[in-house]
Amino acid sequence: MTGARPAGPLAAVPAGPKFAVLFLASIALYAVPGLPAQIGFFVPAVAAVLLTRTPLPRLARMLAGLFLVVGIVAVTLVLTSGWEAAAVSALRLLSLCFLAYAVTLSTAFSEMLALFETLLRPARHLGLNPAQISLALSMTIRFIPEIRTQYLAIREAQFARGLHHRPVAVLVPLLVRTLESAQEISAAIDARCYDSAPPGPRPAPPVSD
């Protein structure tokens, strides 16, 4: 499940700061409009992917589908909204996906697991199991390509409804679908009786009279 140990300069950065940057960048990508700003985000996003030291053939295979889908979306937007709107949307989507790839490719699965379990530790007071939830979230993060596919499907659906200028109309359904995916994974893990919480002390045997 864990795969090879990530290499490159980004692998030395703790998982917490990397996910924090990804979260803030995803907000900034939609909060800051305009083509120059999107170019400013795109350049460091490309650099971040290259810093993972992923072999170029493997990276090309991973990104081929992304470029194809973004190209189709861009052509559609050129015909309906103009080249500048198409360029902004394409760069925004590419930057977000590149940053997500950079984080997942440079972070070991065990690091993700430890980070999410630490963040979710207070959930134990609500009767939840942070270990199970963190494992489900870590696996969901590993499925970034699937999340990307869901994003594109939601975006196209909202664009058809005339909501392409309302980022919340895309982000909220995407968040709901991602959480549903995490819940399904968690249910599958629970069905297999997975529980990484430390076992409690065994009850003492009854004392006979």
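Because the model is predicted, local features need pLDDT of at least 70 and side-chain atom pairs count only at pLDDT 80 or more, while totals for chains, interfaces and linings use all residues. Residues are numbered from 1 along each chain as its sequence is written, and side-chain values use heavy atoms, with hydrogens and water left out.

Helix α1 comprises the 17 residues 15-31, where helices are DSSP runs (H or I, at least four residues) numbered from the N terminus. At 1.5 Å a residue, α1 should span 24 Å, and its end C-alpha atoms are 24 Å apart, which agrees; the expected span is 1.5 Å times one less than the number of residues. The buried residues of α1 are Ala15, Lys18, Phe19, Leu22, Ala25, Leu29 and Tyr30, buried meaning under 20% relative accessible area and exposed over 50%, with partly exposed in between (1.4 Å probe, protein chains only). Seen down the axis of α1, these buried residues fall within an arc of 125°, so they line one face of the helix; the arc is that of the directions from the helix axis to the C-beta atoms. On the other side of α1, Val21, Phe23, Leu24 and Ala31 are exposed.

Helix α5 (residues 109-119) packs with α1 at an angle of about 80°, their axes being 9 Å apart; axes are lines fitted to C-alpha atoms, for helices over the stretch in contact, and angles run from 0 to 180 degrees between N-to-C directions. That makes α1 roughly perpendicular to α5, a term that applies to angles of 65 to 115 degrees. In this contact (heavy atoms within 4.5 Å), Ala15, Gly16 and Phe19 of α1 meet Glu111, Met112, Leu115 and Phe116 of α5. By class, the contact of α1 with α5 has five nonpolar, one polar and one charged residues. Within α5, the residues Phe109, Glu111, Met112, Leu115 and Phe116 are buried. They cover an arc of only 160° around the axis, which puts them on the same side of α5.

Gln38 lies in helix α2 (residues 35-50) and is buried, with a relative accessible area of 0%. Not counting residues up to four places away in sequence, Gln38 touches Leu29, Val32, Val88, Leu91, Arg92 and Ser95. Ile154, found in helix α7 (residues 144-160), counts as buried at 5% relative accessibility. The C-alpha atoms of Ile154 and Leu174 are separated by 7.2 Å, although these residues are 20 residues apart along the chain.

Notes:
Helices (H or I, at least four residues) and strands (E, at least two) are DSSP runs, numbered from the N terminus. Angles under 35 degrees count as roughly parallel, over 145 as roughly antiparallel, 65 to 115 as roughly perpendicular and the rest as oblique. Ala, Val, Leu, Ile, Met, Phe, Trp, Tyr, Cys and Pro count as nonpolar, Asp, Glu, Lys and Arg as charged, and the others, Gly among them, as polar.
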